[in-house]
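This briefing is meant to be read beside the coordinates, with the sequence at hand. Please look through the chain once before turning to the points below.

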Amino acid sequence: MAKLVILSEGMTGRSHELNVDKTTIGRVEGNTFPIIDPSVSSHHCEILLRGGDVVVRDLNSTNGTYINGEKITEAVLKPGQMLRLGQVELRLETGVPAEAPKKAIDSTMAMPRGVSRTDLEQGVRGGFDTAVGGFAKKDNQGNKIFLIGAIVVGAVIVGLLIYAFVFAKSSGN
């Protein structure tokens with residue numbers, strides 16, 4: 001059974017099964033599937049079951065009806081596609097998982113060749129600089145700069161504490 005699942009924050013997980021030929025969606029209570037949101041028109045759109053197709057028809061809504069980001073007046077909604085009514089996003093889900101594309105099993109698939117013994121004897125081609133033993137050694141210049149900066153900041157903090165202590169002691173006498 002197909003159903004619409006709301007994905008928008010505050011209404012996440014709320015859903016409606018499409019079990020009648022015509023489902024109306026809108027902000028007011030008279031709709032088959034009311035969605036109380038200011039961006040949804042009072043009578044925003046209708047969902048029609050036509051054979052195996054789920055058809056969405058906009059009812060001249062103020063903020064529009066979109067399927068996968070494209071504004072529509074009437075279009076087929078497929079499982080997994082996003083339906084947006086104003087600012088509310090929904091997804092069409094079915095109880096059947098989407099089929100993966102089938103691969104032909106009557107033909108042999110060629111696997112890419114691995115590394116040959118000749119390649120190993122000649123050394124690796126491309127990828128990284130082999131002149132320095134395979135991988136370039138990372139220098140520690142960034143670590144040195146960080147350590148020096150930390151020592152300087154620590155010295156400034158200690159200096160300020162000593163100054164504050166001496167100043168507080170001299171003003172207290």
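What follows goes from the overall fold to the core, the sheet, the charged network and a surface patch.

The model is a predicted one, and its secondary structure comes to two helices and 11 strands, arranged along the sequence as β-β-β-β-β-β-β-β-β-β-β-α-α. Of its 173 residues, 26% count as buried, and the protein exposes about 12900 Å², of which carbon and sulfur atoms supply 58%. Among contacts between residues at least 6 apart in sequence, 30% join residues at least 24 apart.

**Nonpolar core**

- The largest nonpolar core has 21 residues, and those that touch the most other members are Leu4, Ile35, Ile47, Leu83 and Leu90.
- Two or more residues each come from β1 (3-6), β5 (45-50), β6 (53-58), β10 (82-85) and β11 (88-93), with β11 giving the most, namely three residues.
- Leucine 4, leaving aside residues up to four places away in sequence, touches a set of residues that includes Leu18, Ile25, Phe33, Ile47, Leu77, Leu83, Leu90 and Leu92, and also Arg14, Ser15, His16 and Arg91.
- In soluble globular proteins, nonpolar side chains tend to be buried together.

**β11 and its neighbours**

- β11 pairs with β1 in the antiparallel sense over four bridges, and isoleucine 6 stands opposite leucine 90 in β11.
- β11 is also joined to β10 by four bridges, again in an antiparallel arrangement, with leucine 85 standing opposite valine 88.
- Two residues lie between the strands in the hairpin of β10 and β11, where glycine 86 takes a positive phi near 65°.

- β6 and β9 run antiparallel and are joined by four bridges, with valine 55 standing opposite valine 76 in β9.

**Salt bridges**

- A search of the whole structure finds five salt bridges.
- Glutamate 46 forms one of them with lysine 22, the closest N and O atoms being 3.4 Å apart; glutamate 46 lies in strand β5 and lysine 22 in strand β3 (residues 22-26), so the pair ties together parts that are 24 residues apart in sequence.
- Glutamate 46 counts as buried at 7% relative accessibility, while lysine 22, at 48%, counts as partly exposed.
- Arginine 57, which is partly exposed with a relative accessible area of 27%, meets glutamate 46 in a salt bridge with an N to O distance of 2.7 Å.
- Arginine 57 also meets glutamate 74 in a salt bridge (3.0 Å, N to O), and because arginine 57 lies in strand β6 and glutamate 74 in strand β9, this pair ties together parts that are 17 residues apart in sequence.
- Salt bridges that share partners join Lys22, Glu46, Arg50, Arg57 and Glu74 into one network.

**Surface patch**

- Ile148, Val152, Val156 and Leu160 form a nonpolar patch on the surface, with about 380 Å² of accessible area together.
- Valine 152, one of these residues, is found in helix α2 (residues 141-172) and is partly exposed, with a relative accessible area of 48%.

Methods: Residues are numbered from 1 along each chain as its sequence is written. This is a predicted model: local features need pLDDT of at least 70, side-chain atom pairs count only at pLDDT 80 or more; totals for chains, interfaces and linings use all residues. Side-chain values use heavy atoms; hydrogens and water are left out. A nonpolar core is a set of buried Ala, Val, Leu, Ile, Met, Phe, Trp, Tyr and Cys residues joined through side-chain atoms within 4.5 Å. Buried means under 20% relative accessible area, exposed over 50%, partly exposed in between (1.4 Å probe, protein chains only). Contact means heavy atoms within 4.5 Å. Two strands pair if DSSP finds at least two bridges between them. Patches are made of residues with over 30% relative accessible area and no salt bridge: like charges are joined within 9 Å, nonpolar side chains (Val, Leu, Ile, Met, Phe, Trp, Tyr) within 5 Å. Accessible areas come from the Shrake-Rupley method with a 1.4 Å probe; for residues, only the protein chains shown count as cover. A salt bridge is a side-chain nitrogen of Lys or Arg within 4 Å of a carboxyl oxygen of Asp or Glu.
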